Amino acid sequence: MLSTRSIPVAQMLRRPALLAAWLILSLSWSLPLWLVGMLSEAQAQTAKPVVTETLSTELRLQVQDLAQAGAKAGMPAQARVEVQVGQLDPRLKLAPCAQVQPYLPTGLQMWGRTRIGLRCVDGRARWNVTLPVQVKVYARALVAAEPLASGVSLTQAQLAMAEIDIAAVAGAVFTDAAGLTGRSLVRPVAAGEAISSSSLRARQWFAAGETVQVRVSGPGFAVAGEGQAMAAGLEGQNVKIRFENGRMVTGRVVGERRVEVLL
């Protein structure tokens, strides 16, 4: 039995759970049993900790499936996806939840280091957090067959095909060696490193005001149309396009008078 004579009052005031237990023991001889029970239940609820959410195997699989589905938008044919699920911030203190629902946060691309949303839909307290994930997309692309210096004009002999994680590459990658012949590098490229749009001197594919072909694609659909470029189209960079109805979109310049918009 708990003895309160040996515990200083100041110490009990600093420990609410201990104070509640002392009150129950002190008053239980004079209070009705039903009231003692209510005090005991209140003590238990007060002492119940708020736990950090851990991911069950089922929830991890749901997160992986959702990230893979999101990565497939605009993914090259024959590419394969690997998803590494991270950990929640250990500083988070999340109330217990019977059902956690993963979702794709608006505006986040499921490539490279990104995040998946988690929200509690069945719990004492509703919460909404994000979980770090790394999405790797492996596909064949052109890489440097040897170390290349800045300013080098590319030849086909300096290029090779290899399977790489294209999600980790800054800029667009290429698969047509003939299309890179004669292009100049703006920075050094190591052997085995991808030749990407960020390593090449940008080409201008169209001028501001020109009519361009726009391809808009998303999960399960793709449409094409024409619009007016609001700025010069530099290869691999984004540009605003205005359609005839006045609607504006932003897309990536992918070729001569061609723009791609991924939704």
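I started with E163, which is partly exposed at 43% relative accessible area. For the cut-offs, I take buried as under 20% relative accessible area, exposed as over 50%, and partly exposed as in between (1.4 Å probe, protein chains only). Before going on, I noted that this is a predicted model, where local features need pLDDT of at least 70, side-chain atom pairs count only at pLDDT 80 or more, and totals for chains, interfaces and linings use all residues. Residues are numbered from 1 along each chain as its sequence is written, and side-chain values use heavy atoms, with hydrogens and water left out.

**Entry: E163 and its partner**

Which residue forms a salt bridge with E163? I found R80, with the closest N and O atoms 3.1 Å apart. The rule I used asks for a side-chain nitrogen of Lys or Arg within 4 Å of a carboxyl oxygen of Asp or Glu. This pair links distant parts of the chain, since R80 sits in strand β1 (residues 80-85) and E163 in strand β5 (residues 159-165), 83 residues apart. Strands here are DSSP runs (E, at least two residues), numbered from the N terminus. R80 is partly exposed too, at 36% relative accessibility. I also saw that E82 joins R80 and E163 in a network of salt bridges.

**Entry: other salt bridges**

By the rule above I get a count of seven salt bridges. One of them is E193 with R187, at 3.0 Å from N to O. I looked up both ends: E193 is partly exposed at 28%, and R187 is partly exposed at 28%.

Another is R257 with E256, where the closest N and O atoms are 3.6 Å apart. E256 is exposed at 51%, while R257 is partly exposed at 36%. R257 lies in the loop between β11 (248-255) and β12 (258-262).

**Entry: strand β4**

Is strand β4 (residues 128-144) largely enclosed or open? It is largely enclosed by the rest of the structure, because 13 of its 17 residues are buried.

I then went through its neighbours, counting two strands as paired if DSSP finds at least two bridges between them. β1 and β4 pair antiparallel over six bridges, and V81 has V137 in β4 as its bridge partner. Strand β3 (residues 112-123) runs antiparallel to β4 with eight bridges, and these two form a hairpin with four residues between them. There, R119 is partnered with N128 of β4. β4 and β5 are also antiparallel, joined by seven bridges, with V143 bridged to A160 in β5.
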